[in-house]
Structure formats: C-alpha cells, structure tokens
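Me: Hi! I'm new to this one, could you walk me through it?
Reply: Happy to, let's have a look together.
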Amino acid sequence: MTGEAAATRWLGPLRSAVSELTDLDCARLCRFELVLRGLLERYPVDAGLEAGVRSQHLRQIRCGLAEAGCLALAVPARHGGCGRPAVLQALLQFICGYHDVDLRDSSGLGHGQLIAEHTAPQVRDRWLPALLAGAVPGIAITEPHGGSQVHATQTTAIPGRGGTWAVTGTKTWISRLTEAAVFCVFFTDPGGRLCAAVIDAASPGLARRPIAPAGLSGWAWGELRLHAVTVRPCDILGGPGEGIQLLREHFARYRPLVAATALGAAAGVHDHTTARLDARRQAGTVTGLRDNALITLGRTYVQINAAFLAALTAQRLAEARDPLAQLWGYAAKAHGTDAAYEAASELALLTGAAGFTADSGTAKARRDLNALLYADGIHDSLYRSAGRSLTQPAYVSDPLPTVTTEDNNLVHT
Ligand SMILES: Cc1cc2nc3c(=O)[nH]c(=O)nc-3n(C[C@H](O)[C@H](O)[C@H](O)COP(=O)(O)OP(=O)(O)OC[C@H]3O[C@@H](n4cnc5c(N)ncnc54)[C@H](O)[C@@H]3O)c2cc1C
C-alpha cells in the first residue's frame, strides 16, 4: 500500500515470537518483499484497474515469485519446497496482505496443500510441480443452499465407467473461478458420505458463471457447475468418507494464514494513515495531532499485533496437530479478520475523503477485509463453533494446567 516495508516495520519487533526462524530466514522475508514490490511495479493490481487485468497481473506475480525462488519458502522439502519453518508462511501472508489482500494467493500451496498431502503419487506428481511454478489452486465447497451447511452437500457422485465416478452439482461463491488450474471439490460419494477429489479445471463437464464481487475482486468469483465430471479413484483426497475430517484439518491450518493476510492489510492501512497525518502536519495544514487520532493509532497498532500473535499461535497448534488447533483456527480467523476490518474502518476516518474514493487503497482494503469476514469461514459461525468447542465435556473436564515451582513451565497434571 505504501512505500514502507512491512517486513522490517511490523514484523521486526515480533522477532522473538518466531524464534524458530534464523537470521537468514529474516533476510529471506525482506528479499520476498523486495521482489514482491518489484513485481507490483511491473504488474500493478490497483483498485482502479480493470478486473481482468488485475487477475492476469496476480497470476504473473505468483509466477514471478516462483521464478525468483520466493513462492515455496515455507513449503516442506518433501513437497518440493525450501522446507523453512511453517511459521514463515504466516509472515509472508502478512506481507502480501500489507500490499494488497488480493495477493493472498501469491505464495505457498494454499488450498493445494490438500493435493500435496492427500492424493495418490501420480496425482501429486501431476499437480505439485505446476503449483510450485505458479499455477493457482481453487477449492469448491459452498453450494446455493448455504455454505454453513456442508453436511447437506447436494453435489453427488454416481458410479461411472471403469471404476470412475461421475460428479454432478453446482458450487457457488467460488473464488479463483477462472484462474484456478485445479480445484479440490467436495461432494457426496455413491454411499452418501462427504468426500473430496482433485478436479482438473479443464475437465469436460465443468461450466462457470462469473458474479461481480464487492471485495477480493482481483480474482474471478461465482458459480462452478459440474455435469457428470469424471473422477478416478486416484483423484480422491484422503480415504472414503473423510471429507469432514479433511475440511477440519485443512482449515485449522489455512485459517490462521487468512487472519495473517487480513492483519497485514490493516497494518498497511495503519502505515498509510500515519504517513498521511504526518504529511499534513509537515505541510502545516494541521498544527498538532488531535487525541482522537493518536488514541486510534495506538489502539489499532496493538490490536493488530495482538491478533497476529494469536494467529501465529493458532498456526503453531495446527502444524503440531494439537487437539486445540481447530478451536484456535476458528477463533484466530474470526478475531483476526474482525480486528483487521474494524481497525481499517476506524483508521479510514482519519484519512479524510481521500480514503473514500473507489480507487483508494484504503477503500479497497476495507472492501477486501469485509469479504474476508465471510470467505474461508463466516465470522459468526466461527465464534459459535469456538464457543461450542469450549463447552464440550472433553474441554470442560480437562484438568487445569498447574505451574511447577522448579521451572515455572506450564504442565498438564
Ligand atoms: C469473497 C468470498 C470468497 C469465497 N470463496 C469461496 C471459495 O473459493 N470456495 C468455496 O467453497 N466457498 C467460497 N466462499 C463462500 C463462503 O465460504 C460462504 O459464503 C460461507 O461458507 C457461508 O455460506 P453462505 O454464503 O451460503 O451463507 P449461509 O450458510 O447461508 O449463512 C448466512 C448467514 O446465515 C447464518 N445462519 C445459518 N444458519 C442459520 C440459522 N439456523 N439461523 C440463523 N442464522 C443462520 C449464518 O451464520 C450466516 O451468518 C466465498 C465467499 C466469499 C464472500
């Protein structure tokens, strides 16, 4: 959003919270941002540009980062990546969000993580190199009856020829609709159980109906229709009937990254607002900064940082397959995007009317953050799910941690 570097300004003070990163990793982060900024100059994604141009530029940026060796920094070596600690991806997402929320798919495997971890070797070998070279993965779960009712999925598979399935149904509100090279699609198997499969975006039987989005509009969005699309046994993700389990595990890892992107965007708006106020002071158009502005700047600064630290914790729990990972994934995504949206909205009021033009970065960030309240998990449903987890007998009856006098470490008795 501004000429500032998110990596040093915002992430520098959090260095002690990511102690698994080496100094070289920190240098990699700075280089990532430098390369990203160079690519943004070449392939701008500003709100004022036509949507098709932005979509093309976003894909060119992902490919450019791949060519520069920056796409797969936090992708495990077994998947063909650099194998640096997973937490690095959260920091990369923060940097991407800082510059533009639509850059959320610029690095890492994204939803392609499902392909990397849950498919047969021939399917993984078909898609992983392409994803690491810049191809975009999409995910298709939501249906017209309501995304909050995954258990009522109406897209179904019936037995096809030679052990294949034919999948038919309609998915809606699908992001990366025309850009994705491959989709992870959720449907019910012939036995009526939820499952998922990898579907080539060029498969016969797929049709698209784009819908103009209010936010996150750099990517095409809309309806993905499937008519007797062929799925081979090797395309199935995980085991039979594992759809719900896959969704839970995948989103426990993905949601902290969404929160990180959102909070990066709020940090971008924060820096832009600070710079603008400073410029007005320097120009003498305001003599001193009013308390309401100073208080908002201070409060949102700590809110963004606190929510980001929570997102990092959620990500760590998910990577460790901790039993609390899902709860933290719900809460960190809901709170992180809420905090980011509220901060950006309050900060926008300090910028003057310039922050309200359709092509202003602040206005775009607010539209994108508003969309992120829904994408990848609805805020109210997530808080509700977190509340439900916190009232489960297993959680309530879990023994309280105690503090040992020897080392002051928290241990479970
Ligand atoms: C920008 C964007 C990108 C997206 N990208 C994708 C994508 O790539 N792939 C994909 O699969 N999906 C995608 N989605 C869809 C998103 O995941 C869904 O919007 C979300 O799951 C909610 O589904 P829904 O919109 O159908 O809302 P609904 O399920 O209809 O819910 C709407 C509201 O009703 C509430 N509600 C539900 N039940 C009740 C009840 N019994 N009583 C009262 N209130 C209730 C919900 O809590 C919610 O607040 C995207 C959405 C957006 C906005």
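Me: Before we start, which residues count as nonpolar, charged or polar here?
Reply: Ala, Val, Leu, Ile, Met, Phe, Trp, Tyr, Cys and Pro count as nonpolar, Asp, Glu, Lys and Arg as charged, and the others, Gly among them, as polar. Keep in mind that this is a predicted model.
Me: Thanks! So what classes make up the shell around the ligand?
Reply: That shell has eleven nonpolar residues, seven polar ones and one charged.
Me: Which residues are the closest to the ligand?
Reply: Of the 19 residues surrounding the ligand, the closest are I141, G146, G147, S148 and A375. Two or more shell residues come from each of β1 (137-140), β3 (165-175) and α11 (379-390).
Me: And where does the ligand lie in terms of domains?
Reply: The ligand lies between domain 2 (137-242) and domain 3 (244-394), because both give residues to the shell around it.
Me: New topic: what span should helix α8 have?
Reply: Helix α8 has 29 residues (291-319), so at 1.5 Å a residue it should span 42 Å. Its end C-alpha atoms are 42 Å apart, which agrees.
Me: Which of its residues are buried?
Reply: The buried residues of α8 include T300, I304, F308 and L312.
Me: What covers them?
Reply: The cover includes α4 (87-99), α7 (243-283) and α9 (325-348).
Me: What comes just after α8?
Reply: There, R321 takes a positive phi of about 55°.
Me: Last one: which residues touch the most others in the largest nonpolar core?
Reply: Among its 115 residues, those are I95, L263, A340 and A344.

Terms used
Residues numbered from 1 in each chain as written. Predicted model: local features only at pLDDT ≥ 70, side-chain atom pairs only at ≥ 80, totals over all residues. Helix = DSSP H or I, 4+ residues; strand = E, 2+ residues; numbered from the N terminus. Expected span 1.5 Å × (residues − 1). Buried ≥ 20, exposed ≤ 12 C-beta atoms within 10 Å, placed from the backbone. Contact = placed C-beta atoms within 7 Å. Near = placed C-beta within 6 Å. Domains from an automatic or database assignment. Core = buried A, V, L, I, M, F, W, Y, C linked by C-beta atoms within 7 Å.
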